[in-house]
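Subject: Structure handover

Dear colleague,

I am passing on the structure below, and my notes on what was found in it follow. Please read them with the coordinates open.

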Amino acid sequence: LLAAIGSGRYQEYKDDGAADTREFWHEVQSCAFAVGRGPNRLMHWSVPESQGHDDLLLSAALCGALDDLDLRPRIAIGRAP
């Protein structure tokens, strides 16, 4: 997600005062992360349960995963048994 934001491939609305927009930016501000010690140094992030949910933030992160998908139309070809 950070790479998509940094390159401009992902952009989010400014806080326009709408309830869902305010909730999204609250989740962004409340997000906490930790980086593991192993060789992969995986990053784990979430909104602490005491501060709400991370549903909207997770949805934004999943948009970044779309970059890795081949979204070209596919045609299924059956095979005779």
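Predicted model: local features only at pLDDT ≥ 70, side-chain atom pairs only at ≥ 80, totals over all residues.

At least two lining residues come from each of α1 (2-7), α2, β1, β2 and α3.

Helix α2 covers residues 19-30, and its 12 residues reach 16 Å from the first C-alpha to the last, close to the 16 Å expected at 1.5 Å a residue. Its buried residues are T21, F24, E27 and S30, and what covers them includes β1 (32-35), β2 (43-46) and α3 (55-65). An α-helix has 3.6 residues a turn, so residues three or four places apart point the same way.

F24 and L57 also belong to the largest nonpolar core, whose five residues are A4, Y10, F24, L57 and A60. Leaving aside residues up to four places away in sequence, L57 touches F24, E27, V28, C31 and W45.

Finally, the count of aromatic pairs comes to one. The ring centres of F24 and W25 lie 5.0 Å apart with their planes at 80°, so this pair is edge-to-face, since planes over 60 degrees apart count as such. F24 is buried at 8% relative accessible area, whereas W25, at 29% relative accessibility, counts as partly exposed.

Best regards

Notes: Residues numbered from 1 in each chain as written. Heavy atoms only, no water. Core = buried A, V, L, I, M, F, W, Y, C linked by side-chain atoms within 4.5 Å. Buried < 20%, exposed > 50% of the residue type's maximum accessible area, 1.4 Å probe, protein only. Contact = heavy atoms within 4.5 Å. Phe/Tyr/Trp six-rings, centres within 6.5 Å; stacked < 30°, edge-to-face > 60°. Helix = DSSP H or I, 4+ residues; strand = E, 2+ residues; numbered from the N terminus. Expected span 1.5 Å × (residues − 1).
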